Amino acid sequence: MKAGIFVKPGQVAVAEVAKPELEKPTDAIIRVLRACVCGSDLWWYRGISQRAANSLIGHEAIGIVESVGSAVKAVQPGDFVIAPFTHGCGHCAACLAGFDGDCLNREAGGNGGYQGEYLRFTNADWALVKVPGQPADYTDAQLNSLLTLADVMATGYHAATSAEVKAGDTVVVMGDGAVGLSGVIAAKLLGAKRIIAMSRHEDRQKLAREFGATDIVPERGDAAVEKVLAMTGGAGADAVLECVGTEQSVATAVKVARPGAVVGRVGVPQQAEMNTNDLFWRNVGLRGGIASVTSDDKAVLLEAVLKGTINPGKVFTQRFSLDQIQAAYQAMDQRQAIKSLLIISKA
């Protein structure tokens with residue numbers, strides 16, 4: 001089969017690799033329809049983090065179940081599914097607490113290969129999210145929104161729930177990438193009255209407003225803090241969604257939060273250490289981490305997409321075939337695309 005592989009920093013390619021097979025009773029094989037490039041993929045693409053040469057890539061997809069192991073009962077061949085990157089088992093302490101992103105029974109190294117024609121999916125019985133009907137029942141836009149439920153929309157929602165966003169809140173969203181924009185959607189879904197999107201790119205500002213942002217702040221650093229505090233009468237925001245991961249973004253998030261607020265952090269950390277003193281002196285909380293994709297999809301997000309309440313698929317601003325995977329990564333890397341869509345196969 002064809003699959004995307006990592007060659008070296010700045011280069012990905014399509015290679016012929018062995019089609020995956022069932023290895024455990026809890027596995028499923030998925031024929032991938034659509035996949036996409038994530039902002040976290042750019043870490044190893046840019047050489048910031050390490051990745052083995054010729055390794056399979058990608059962690060977001062929708063597809064059709066081709067075969068299942070003997071322990072998989074919740075889905076069957078022919079089902080249309082969302083394939084979350086989290087692979088939660090559904091019965092460990094983490095999954096039962098609603099944190100399947102930290103599943104204690106997740107298979108190490110089993111997350112690659114979503115940007116390919118077929119995917120071996122572990123913990124398939126609980127982790128896969130079954131979509132009613134078949135892909136042909138949905139519009140192109142709906143398919144894109146369903147794809148976001150494999151990661152990016154669920155991650156934005158995790159930022160909002162971690163920050164304890166509630167009806168009537170003033171919320172600041174740090175980051176105008178696909179996760180930050182999904183965070184805007186999530187904040188509105190949870191009832192935020194005022195949503196301040198920190199963005200300096202016109203195309204992303206426009207989409208943020210479409211998703212529910214009431215205000216745009218292009219400044220960064222101390223200037224951004226001053227602007228937000230002025231906009232909130234000196235109090236700061238009731239909740240802050242940190243969707244970047246840089247030291248500056250985290251520091252700004254803490255400083256724009258009012259005393260007693262919580263920062264919901266989903267930006268992948270870019271440094272091993274951070275100064276927590278500012279949290280202490282202002283009673284600001286810090287929560288977040290890997291998204292609870294299956295839990296939140298099943299509880300809230302799938303229904304919201306199916307009803308048309310949210311339309312997160314609009315974050316895909318360019319589309320590519322699998323053979324164009326290098327161009328898809330370049331478009332993300334060079335900020336020509338907010339998020340690159342990969343059309344792997346037709347239903």
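Biologist: How are α5 and α11 oriented to each other?

Modeller: This is a predicted model, and in it α5 and helix α11, residues 293–306, pack at an angle of about 85 degrees with their axes 10 Å apart. Angles of 65 to 115 degrees count as roughly perpendicular, and α5 and α11 are therefore roughly perpendicular to each other.

Biologist: Which residues make that contact?

Modeller: On the α5 side they are M153, A154 and Y157, and on the α11 side they are V293, D296, D297, V300 and L301. Sorted by class, the contact of α5 with α11 has six nonpolar residues, no polar ones and two charged ones.

Biologist: And how do α5 and α6 cross?

Modeller: The axes of α5, residues 152–162, and α6, residues 178–189, come within 7 Å and cross at roughly 55 degrees, and the two helices are therefore oblique to each other. The crossing in which α5 passes α6 is right-handed.

Biologist: Which residues of α5 meet α6 there?

Modeller: V152, M153, T155, G156, Y157 and A160 of α5 do so, and their partners in α6 are A178, V179, S182, G183, I185, A186, A187 and L189. By class, this contact of α5 with α6 has 10 nonpolar and four polar residues, and no charged ones.

Biologist: How many residues of α5 are buried, then?

Modeller: In α5, 10 of the 11 residues are buried, so the helix is largely enclosed by the rest of the structure. The buried residues are V152, M153, A154, T155, G156, Y157, H158, A159, A160 and S162. After α5 comes E164, which has a positive phi near 60 degrees.

Biologist: Switching to α7, which residues are buried there?

Modeller: In α7, residues 202–211, the buried ones are R204, L207, A208 and F211. These four cover an arc of only 105 degrees around the axis, which puts them on the same side of α7. The face turned away from that buried side carries E202 and K206, both of them exposed.

Biologist: What do the buried residues of α7 pack against?

Modeller: They pack against α6, against β9 (194–198) and against β10 (215–217). Just after α7, G212 takes a positive phi of about 130 degrees.

Biologist: Which residues other than glycine have a positive phi?

Modeller: N54 is one of them, with a phi of about 70 degrees, and R335 is another, with a phi near 60 degrees. N54 is found in the loop between α1 (41–45) and β4, while R335 has its place in the loop between α12 (325–333) and β15 (339–343).

Biologist: Are those two buried or exposed?

Modeller: N54 counts as exposed, at 55% relative accessibility, whereas R335, at 42%, counts as partly exposed.

Biologist: What about E219, where does that one lie?

Modeller: E219 lies in the loop between β10 and α8 (221–231), and at 29% relative accessibility it counts as partly exposed. Leaving aside neighbours within four places in sequence, E219 is in contact with M198, R200, A224 and K227. With R200, which is 19 residues away along the chain, the C-alpha separation is 7.3 Å.

Biologist: And V72, is it buried or exposed?

Modeller: V72 counts as buried, at 5% relative accessibility, although its place is in the loop between β4 (61–68) and β5 (80–83). Not counting residues up to four places away in sequence, V72 touches P25, T26, D27, A124 and D125. The C-alpha atoms of V72 and D125 are separated by 4.6 Å, and the two residues are 53 residues apart along the chain.

Biologist: Last one: which residues does A35 touch?

Modeller: Setting aside residues up to four places away in sequence, A35 touches E60, A61, Y114, Q115, L147, L341, L342 and I344. A35 belongs to strand β3, residues 28–36, and it is buried, with a relative accessible area of 0%. Its C-alpha atom is separated by 8.9 Å from that of S340, which is 305 residues away along the chain.

Terms used: Residues are numbered from 1 along each chain as its sequence is written. This is a predicted model: local features need pLDDT of at least 70, side-chain atom pairs count only at pLDDT 80 or more; totals for chains, interfaces and linings use all residues. Side-chain values use heavy atoms; hydrogens and water are left out. Axes are lines fitted to C-alpha atoms, for helices over the stretch in contact, and angles run from 0 to 180 degrees between N-to-C directions. Angles under 35 degrees count as roughly parallel, over 145 as roughly antiparallel, 65 to 115 as roughly perpendicular and the rest as oblique. A crossing is left-handed if the near helix is turned anticlockwise from the far one by less than a right angle, and right-handed if clockwise. Contact means heavy atoms within 4.5 Å. Ala, Val, Leu, Ile, Met, Phe, Trp, Tyr, Cys and Pro count as nonpolar, Asp, Glu, Lys and Arg as charged, and the others, Gly among them, as polar. Buried means under 20% relative accessible area, exposed over 50%, partly exposed in between (1.4 Å probe, protein chains only). The arc is that of the directions from the helix axis to the C-beta atoms.
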